[in-house]
Amino acid sequence: MTPEIVRRAAEMIGTLLGDMVVGIYLYGSAVMDGLQKSSDVDLLVVTNNCLSETIRDQLTKDLLRLSGKSGNLLGMRPLEVTIVNRDDIIPWRYPPRYDFMYGEWLREDIEAGQYPRPEDDPDFAILLEQARQYGVSLCGPKISDLIDPVPAADIRSAIQASIPQLIEDLSWDTRNVILTLARMWLTVSTGEIGSKNRAAQWAASRLPETYAVLLDSARRAYLGEAVDDWQGHELQVNTYVQYMIKTIHKTCI
């Protein structure tokens, strides 16, 4: 079942952006494995022009009100909304440029006055390809008819470029880092951009037993089947992370 927040967000974006909207697409956990307890709701919006400063400011304020803070106790889903001007990705160039991105990890910066700005971002290549493969249209044409496949070489480059920032989050977002590394390995090995659950199962069957057990613990915590607590496991986690980074880089060669 589509969360009510998806309808409200799509309606708000459509009203605010008007004729600029080419399509609005739901992707990510909501259309892959299903939303888990801590899952964001991911929306990609394709437009036919760049946002004005007035629209950008109003959209940011509206999303601050609509999106649930991470870990909130009211059941309000966090939103991740990315807007791309079609002319910035057609014809394709790497790294791709998004016009706007909102996520709960940005809330403190936004509330301090640092509103989202356009940015060239290698990681956006992975997001676009995931949305192209799995995105469900809330309005507009099928996204696979609108966006060409992202070249595999650019996906591999984006994954390698994203690793340093990912590792910076290890101390406070341990489970997500563990699972994301498995997704990266799946993608550079097979071309598939799989869900966290799917990637963890794929990777665990190919890892040394110690790492497979650690990864499965992260997978079960993601699914709400185990406690998400990594205190006392720092050495195991760090060893796993270094092993995965080397494996991903080696696979990309």
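The model is predicted, so local features require pLDDT of at least 70 and side-chain atom pairs pLDDT 80 or more, while totals for chains, interfaces and linings use all residues. Residues are numbered from 1 along each chain as its sequence is written, and side-chain values use heavy atoms, without hydrogens and water.

**Overall fold**
- The chain has 10 helices and 7 strands, taken as DSSP runs (helices H or I, at least four residues; strands E, at least two) numbered from the N terminus.
- The radius of gyration, taken over C-alpha atoms, is 18 Å, which agrees with the value near 18 Å for a compact globule of 253 residues; the globule rule is 2.2 Å times the number of residues to the power 0.38.
- Buried residues (under 20% relative accessible area, 1.4 Å probe, protein chains only) make up 49% of the 253 residues.
- Of the contacts (heavy atoms within 4.5 Å) between residues at least 6 apart in sequence, 68% join residues at least 24 apart.

**Threonine 60**
- Threonine 60 lies in helix α2 (residues 53-66) and counts as buried because its relative accessibility is 0%.
- Leaving aside residues up to four places away in sequence, threonine 60 touches Phe100, Ile110, Tyr115 and Pro116.

**Second largest pocket**
- The lining of the second largest pocket divides into 5 nonpolar, 4 polar and 2 charged residues, among them Arg220, Asp229 and Trp230.
- Helix α9 (residues 209-222) supplies the largest share of this lining, 5 residues.
- A pocket is an open set of points on a 1 Å grid over the protein atoms alone where a 1.4 Å probe fits, with protein on both sides within 12 Å along at least five of seven lines; lining residues have an atom within 4 Å of a point.

Methods. Buried means under 20% relative accessible area, exposed over 50%, partly exposed in between (1.4 Å probe, protein chains only). Ala, Val, Leu, Ile, Met, Phe, Trp, Tyr, Cys and Pro count as nonpolar, Asp, Glu, Lys and Arg as charged, and the others, Gly among them, as polar.
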